[in-house]
Amino acid sequence: MIKLMMMLSKDFDISEILDLLSQASRGKDNIERGAVGHKGYSFVIRNVDNFREIYVPFSYQTYELVGDMHNEIKDRKEGKFILDNLYRYFEINALLIGSLKTILPSLKFWDAKESDILFEVVLIIKTPEGKIFPLIYYYDRYRMALGTCKVNLEIFNFDPRSLSQEERFDLAEVFENALKKVPLSDYKTIYPGHDEPWHIGVINGRPFFTSVF
């Protein structure tokens with residue numbers, strides 16, 4: 001355990017993580033320390049570099065969609081989907097990233113010319129039942145999503161692959177609503193996109209998603 005703690009960044013203290021999860025699950029967010037909760041769930045967000053030695057990069061598989069595709073699926077189920085509103089869904093992504101930048105000011109955007117992924121961060125999640133597990137929150141050229149990953153820490157007591165598809169969808173919804181509680185930070189970057197790059201960001205609290213060309 002001592003060796004493991006030496007490999008971890010000073011920003012990833014296990015006792016602090018557990019304390020933040022406990023407080024956020026009871027409704028006490030701590031945005032400056034990267035913790036936010038909603039409906040008894042709590043999320044602590046960290047850069048992958050905080051524990052690179054025990055995290056296998058790009059080892060994850062898509063676990064559940066969030067952002068544009070999640071909201072499109074939800075709207076289709078509820079009969080609210082309008083084809084002409086497609087850009088609205090991408091703006092949802094822009095807003096979620098704006099909240100993420102507030103929680104994690106050091107969030108790293110990858111170079112769109114060199115990478116298929118815009119960002120990836122680690123979520124440490126605690127459910128109302130006390131289940132604790134990690135997921136990756138990432139945005140690549142095809143999707144914004146949560147993904148399973150290989151991270152080994154003693155605090156994890158649950159395999160998220162055991163959740164049903166409905167439970168995963170609900171988890172994504174709770175995570176989005178937790179992020180929406182966080183004030184927005186302005187930013188501007190280039191999203192690699194599926195077929196072409198796009199400008200994405202938040203300026204003066206307003207989201208935008210526009211073609212680079």
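Q: Is Y87 buried, partly exposed or exposed, and at what relative accessibility?
A: Let's start with the cut-offs: buried is under 20% relative accessible area, exposed is over 50%, and partly exposed lies in between, using a 1.4 Å probe and protein chains only. Y87 counts as partly exposed because its relative accessibility is 48%. Keep in mind that this is a predicted model, where local features need pLDDT of at least 70, side-chain atom pairs count only at pLDDT 80 or more, and totals for chains, interfaces and linings use all residues. Residues are numbered from 1 along each chain as its sequence is written, and side-chain values use heavy atoms, with hydrogens and water left out.

Q: How many aromatic pairs does the structure hold?
A: In general, a pair of aromatic rings is described by the distance of the centres and the angle of the planes. Rings of Phe, Tyr and Trp (its six-membered ring) pair if their centres lie within 6.5 Å; planes under 30 degrees apart are stacked, over 60 edge-to-face, and the rest tilted. The structure holds 12 such pairs. One of them joins Y87 and W198 edge-to-face, at 6.2 Å centre to centre and 65° between the planes.

Q: Which elements hold Y87 and W198?
A: Helices (H or I, at least four residues) and strands (E, at least two) are DSSP runs numbered from the N terminus. Y87 is in helix α4 (residues 86–103) and W198 in strand β8 (residues 198–203), 111 residues apart. W198 counts as buried, at 16% relative accessibility.
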